[in-house]
Amino acid sequence: MYLTFPRAQAAVELSHAARTNGAGRLMLLGLFALLFAMTLPFDLNISVARHGSDSGTVTRFYFYLRSILGVVLSFTIFLFYREQFIELACRNVPLIVLNAYQLFTALWSPSAHITIRFEYATICCILFAYFLNIRLGLRGVATMMLHCLGLGVALSAIWVFIAPDIALHGQYDIVQEGAEGLWRGIYRHKNSLGALAGLAIPLLLGPGRRLIPRWLLLIYIATAVACLLGASSGSGVVIAIFGLAIVGAFGVPSPGGRVAIVGLYIGVGVIVLAFS
């Protein structure tokens with residue numbers, strides 16, 4: 001995993017502040033809300049889109065949020081965390097190179113302004129990830145990410161029952177016809193929900209067992225499985241299977257056992273996809 005940072009002093013200070021004063025708890029809540037917003041919740045093609053209009057207002061809101069966040073974090077990191085950021089960036093050279101290449105592709109892109117706009121949004125997300133890693137440390141970021149995934153699937157499952165006109169794909173859905181009745185929860189498309197649920201299941205079964213309270217973990221896992229089945233997303237199933245293979249492999253001490261676990265999960269995945 002690329003996002004690693006050896007210095008934990010800032011994370012310790014923030015954790016202590018969160019336990020001792022309201023400002024620290026408010027900061028943690030704000031960071032959690034921003035991280036959850038990065039999953040694009042409630043970016044829905046709601047029932048009014050059946051009349052043939054989809055303004056994309058929510059999509060633009062998230063883009064503007066990322067843009068403003070990127071500017072604020074750039075100044076914050078430059079003023080207070082320059083040394084930590086440089087050290088962290090040096091440990092994540094492949095990530096920097098990949099995004100530099102994506103920005104470079106705007107030179108031959110048929111819609112250069114769209115390429116640059118989306119790459120800028122991606123850079124803002126990376127800056128936010130760096131900031132979280134600097135302030136919270138790896139364990140704190142992992143815990144917050146697990147709660148974001150759990151909240152996304154839990155709200156999606158609830159949304160299916162309290163607002164089915166929005167949380168289920170409609171017959172004349174302009175996002176994808178032929179997906180009537182499939183879950184999308186609080187997200188725009190069934191594959192978005194499926195991918196989120198497929199990612200949540202192995203992470204909750206792996207590191208989640210050590211970072212999330214047992215009762216809450218069971219709720220997260222149950223709703224993640226329900227969302228994956230309700231969305232009927234092939235990509236979500238693939239993500240879940242490969243994620244479980246990786247998590248299972250890390251739980252086996254011998255190299256041969258790891259290979260066997262990965263092969264078993266991949267084999268099961270191929271069979272499931274073949275008959276789905």
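The model I am reading is predicted.

**Entry: helix 8 against helix 11**

I looked up how helix 8 (residues 190–205) packs on helix 11 (residues 234–250). The angle is about 15°, and the axes lie 7 Å apart. Helix 8 and helix 11 are therefore roughly parallel to each other. I noted the hand as well: helix 8 crosses helix 11 in a right-handed sense.

Which residues make the contact? From helix 8, I listed N191, G194, A195, G198, L199, I201, P202 and L205. From helix 11, I listed S235, G236, I239, A240, G243, L244 and V247. Sorted by class, the contact has nine nonpolar and six polar residues, with no charged ones.

**Entry: helix 11 on its own**

I checked the length of helix 11. Its 17 residues, at 1.5 Å a residue, should span 24 Å. The end C-alpha atoms are 25 Å apart, so the two values agree.

Next I looked up burial. The buried residues of helix 11 are G236, A240, I241, G243, A245 and A249. G236, A240 and G243 are also listed in the contact with helix 8.

**Entry: S232**

Where does S232 sit? I found S232 in the loop between helix 10 (214–231) and helix 11. Its phi is near 50°, a positive value in a residue other than glycine. I keep in mind that most residues other than glycine have a negative phi.

Last, I looked up the accessibility of S232. The relative value is 47%, so S232 counts as partly exposed; the exposed class begins over 50%.

Definitions and conventions. Residues are numbered from 1 along each chain as its sequence is written. This is a predicted model: local features need pLDDT of at least 70, side-chain atom pairs count only at pLDDT 80 or more; totals for chains, interfaces and linings use all residues. Side-chain values use heavy atoms; hydrogens and water are left out. Axes are lines fitted to C-alpha atoms, for helices over the stretch in contact, and angles run from 0 to 180 degrees between N-to-C directions. Helices (H or I, at least four residues) and strands (E, at least two) are DSSP runs, numbered from the N terminus. Angles under 35 degrees count as roughly parallel, over 145 as roughly antiparallel, 65 to 115 as roughly perpendicular and the rest as oblique. A crossing is left-handed if the near helix is turned anticlockwise from the far one by less than a right angle, and right-handed if clockwise. Contact means heavy atoms within 4.5 Å. Ala, Val, Leu, Ile, Met, Phe, Trp, Tyr, Cys and Pro count as nonpolar, Asp, Glu, Lys and Arg as charged, and the others, Gly among them, as polar. The expected span of a helix is 1.5 Å times one less than its number of residues. Buried means under 20% relative accessible area, exposed over 50%, partly exposed in between (1.4 Å probe, protein chains only).
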